[in-house]
Amino acid sequence: MVKTESLTFEENTVTLSDSERGLRAAAALLNAGGLVAFPTETVYGLGADARSDRAVAAIFAAKGRPAYNPLIVHVADRDAAERIGVFSDEARLLAERFWPGPLTLVVPRRPDAMIAGPATAGLPTVALRVPGHPLARRLLTVFGAPLAAPSANLSGKVSATTAAHVRDGLGGRIAAVIDGGACPLGLESTIIGLSADDAPTLLRPGGLPVEAIEHVLGRTLAQARGREVTAPGQLASHYAPRAPLRLEAAIPAPDEIWIGFGGEHVPAGLNLSPRADLAEAAAQLFGLLREADRLASERGAAGIAVAPIPRTGLGLAIDNQLGRAAAPRP
Ligand code: TXA
Ligand code: MG
């Protein structure tokens with residue numbers, strides 16, 4: 001490892017500090033078509049210049065992501081978003097109320113949008129988000145253009161909530177990661193589909209509780225489940241650790257690694273939140289899945305057992321992510 005004032009080199013992937021120099025170096029790498037991972041309030045994103053076919057294609061290659069699975073385009077503000085997508089009144093309402101923040105809006109793509117085709121996987125729609133993390137916002141400002149950014153993990157694996165997680169999965173495959181510490185929310189953004197004709201649809205539960213969105217819209221969200229898959233990442237096995245996962249376990253089997261929730265009547269082991277706090281559980285989720293996976297292989301355990309999580313507020317997103325982590329693998 002080589003260390004200079006603002007950067008560290010590791011397996012050809014540079015770790016940049018959150019200083020102005022670090023951000024300028026990140027912007028320079030992005031301008032050259034490089035991939036730079038950066039923290040957001042949800043999870044680390046793997047950024048590329050959203051206007052460049054070549055840079056966006058490199059994201060799919062680095063992650064091993066199928067080309068049919070479109071990316072979220074991150075922008076600095078709502079004006080930038082409206083230059084890329086067509087916003088209905090309800091889309092604008094949600095953007096005004098929740099951006100910057102953990103909400104992604106899938107809206108019709110403007111024909112004149114300066115976005116590389118592979119970013120939207122050829123769909124007539126585009127996923128847009130204004131992230132709230134100060135470092136993500138500074139990077140977007142310094143770079144001065146939209147960043148296509150999926151979660152910074154290998155396709156199908158657990159999302160990254162620290163720079164070390166990013167290096168674990170993508171070290172040597174990407175130009176750089178900006179180290180901004182742990183992501184405060186720890187869950188991906190909530191994705192809402194807003195086409196011209198359909199009712200607003202929940203495409204993925206995430207860090208913004210569904211209840212808050214329904215409150216602002218004054219109506220219930222339609223559910224994507226059972227409909228045609230519009231978010232390809234949404235139903236397949238995803239966020240998967242290596243060890244098999246058993247959900248809603250009252251108690252672990254002797255040969256299982258335990259992830260508890262709440263403090264009562266549970267065996268010792270890892271715990272998402274001893275005081276049964278869903279925000280704490282969300283922030284811990286991906287890190288504990290990684291830790292449980294490590295323990296499982298170290299101890300030759302049969303699998304990972306996870307305690308029941310209430311399906312309200314952030315619990316809905318935690319439950320959804322666990323469900324995909326436990327889904328049968330292709
Ligand atoms: O919090 C987040 O959303 C993080 C941070 C980095 O912003 N990003 C993230 O990206 O989770 P990713 O690629 O892991 O998940 C994006 C999801 C995928 O399931 C993709 O299928 C869906 O968004 N998506 C993207 N564009 C879409 C579109 N036009 N229509 C439907 N779904 C779309
Ligand atoms: Mg992802």
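A crossing of two helices is left-handed if the near helix is turned anticlockwise from the far one by less than a right angle. In this predicted model, helix α8 passes helix α9 in such a left-handed crossing. The axes of α8 (residues 278-299) and α9 (residues 314-326) come within 9 Å and cross at roughly 20°. Because angles under 35 degrees count as roughly parallel, α8 is roughly parallel to α9. On the α8 side, the contact is made by Leu278, Ala279, Ala281, Ala282, Leu285, Phe286 and Leu289; α9 contributes Leu314, Gly315, Ile318, Gln321 and Leu322. Ten of the residues in this contact are nonpolar and two are polar, with no charged residue.

An open sheet is formed by four strands with parallel pairing, in the order β14-β17-β15-β16. The edge positions are taken by β14 (245-246) and β16 (270-271), each with a single partner strand, so one side of each is left without a neighbour in the sheet. Within the sheet, β15 (residues 256-260) and β17 (residues 303-306) pair in the parallel sense over four bridges. Trp258 has Ala305 of β17 as its bridge partner. Helix α8 also packs on this sheet, where it touches β14, β15, β16 and β17. The direction of α8 makes about 160° with that of β15.

The average pLDDT of the chain is 91, and 91% of the residues score at least 70. Over residues 226-230, pLDDT stays under 50. For this segment the model has five contacts beyond four places in sequence. Where pLDDT is low, the predicted coordinates should not be read in detail.

Terms used:
Residues are numbered from 1 along each chain as its sequence is written. Chains are lettered from A and ligands numbered from 1 in the order in which they are written. This is a predicted model: local features need pLDDT of at least 70, side-chain atom pairs count only at pLDDT 80 or more; totals for chains, interfaces and linings use all residues. Side-chain values use heavy atoms; hydrogens and water are left out. Axes are lines fitted to C-alpha atoms, for helices over the stretch in contact, and angles run from 0 to 180 degrees between N-to-C directions. Helices (H or I, at least four residues) and strands (E, at least two) are DSSP runs, numbered from the N terminus. Angles under 35 degrees count as roughly parallel, over 145 as roughly antiparallel, 65 to 115 as roughly perpendicular and the rest as oblique. Contact means heavy atoms within 4.5 Å. Ala, Val, Leu, Ile, Met, Phe, Trp, Tyr, Cys and Pro count as nonpolar, Asp, Glu, Lys and Arg as charged, and the others, Gly among them, as polar. pLDDT is the predictor's confidence in each residue, from 0 to 100. Two strands pair if DSSP finds at least two bridges between them.
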